[in-house]
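Colleague: I have this one open and have not looked at it before. Can you walk me through it?
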Amino acid sequence: MEKENLNFEQDVLQRSHDVPVLVDFWSPSCGPCLYLGPILEKLAKEADGKWELIKVNTMFNQELAYQYRIQSIPAVKLFHKGEIIQEFVGALPEPTLRQWLGEFIPDERRSALNEIIERFGSDRILALAQLEGFVDENPDLLLAKFYLAREVLFEHPAKAVKMLEEIKLGHLLYDNAEGVRTLAELLQFEAGEGQVDERLAEARDGLKEQDFEQAISAVIDAIVVDKKAHNELPRRASISLFQLFGPGHPLTAKYRKQFEMALY
């Protein structure tokens, strides 16, 4: 909950090695924060120690807000073993929030999944084999299927799309899954004639080579030519690439404004 003398290192990062910690970055001047806060507090009480809630008032913790790139509030981040494993921005209604917690609060299976995901940073071949085995053993855990689809996307785009069939509109992972599906569409794009197709083919080739700057630059060029082409693939691909990069990535900082200008 709200702590008068918050020690983020101890109360969140260290504590999250023992139990998941949900951090609510909020402000008393923020209407959506005042809506979300009581719901989080109610659910934390119901959790009975399975996870803990820490509220961070951004008015008095501006350095923390800057460190964690808080650009809009409420911003909620889930910490486990000292790392952010999931997050959302905005005031989710209680039923959606219950679904979010049910999907992402670590239990034995999710903890095992998180350990596999962390392993990608040091040994991708081993981690990929372990993730494939985990998905085979836990076919009901859609988060695991999403992670696997994301990892095989560049080598096997059609396979990645098939893995995501169960993630439909209304599911918490839908937007993330749509991002993967859109990039798979771009990776399999067959160009015809015209400037838009030329730019999209250039983006496709950049994506295949994981030259992400070539890819984002080319899809923005395609928007300038015709943003509605191929069911708005240039616009959708741009959004999916920014989603892949994340808000703090240099390419997001470099190209986001160009993307917005190209749209309008």
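**Helices, cores and sheet**

Modeller: Start with two helices: α9 (residues 174–187) packs against α10 (residues 195–208) at an angle of about 110°, and their axes are 8 Å apart. Angles from 65 to 115 degrees count as roughly perpendicular, so α9 is roughly perpendicular to α10. Keep in mind that this is a predicted model.

Colleague: Which residues make the contact there?

Modeller: From α9, L183, L186 and L187; from α10, L200, A203, R204, L207 and K208. By class, six residues in the contact are nonpolar, two are charged and none is polar.

Colleague: What else does L207 touch?

Modeller: Leaving out residues up to four places away in sequence, L207 touches F154, L183, L186, L187, F212, A215 and L241. L207 is also among the residues with the most contacts inside the largest nonpolar core, along with L22, W51 and L97.

Colleague: How many residues are in that core?

Modeller: The largest nonpolar core has 73 residues. Another core, of 14 residues, lies apart from it and includes V23, A65, I70 and A75.

Colleague: Switching to the strands, what is the order in the sheet?

Modeller: The sheet is open, with four strands in the order β2-β1-β3-β4 and mixed pairing. β2 (52–57) and β4 (83–89) are the edge strands, each pairing on one side only. From one strand to the next, the twist averages 20°.

Colleague: And β3 with β4, how many bridges?

Modeller: Six bridges join β3 (residues 75–80) to β4, and the two run antiparallel.

Definitions and conventions
Residues are numbered from 1 along each chain as its sequence is written. This is a predicted model: local features need pLDDT of at least 70, side-chain atom pairs count only at pLDDT 80 or more; totals for chains, interfaces and linings use all residues. Side-chain values use heavy atoms; hydrogens and water are left out. Two strands pair if DSSP finds at least two bridges between them. Axes are lines fitted to C-alpha atoms, for helices over the stretch in contact, and angles run from 0 to 180 degrees between N-to-C directions. A nonpolar core is a set of buried Ala, Val, Leu, Ile, Met, Phe, Trp, Tyr and Cys residues joined through side-chain atoms within 4.5 Å. Buried means under 20% relative accessible area, exposed over 50%, partly exposed in between (1.4 Å probe, protein chains only). Contact means heavy atoms within 4.5 Å. Angles under 35 degrees count as roughly parallel, over 145 as roughly antiparallel, 65 to 115 as roughly perpendicular and the rest as oblique. Ala, Val, Leu, Ile, Met, Phe, Trp, Tyr, Cys and Pro count as nonpolar, Asp, Glu, Lys and Arg as charged, and the others, Gly among them, as polar.
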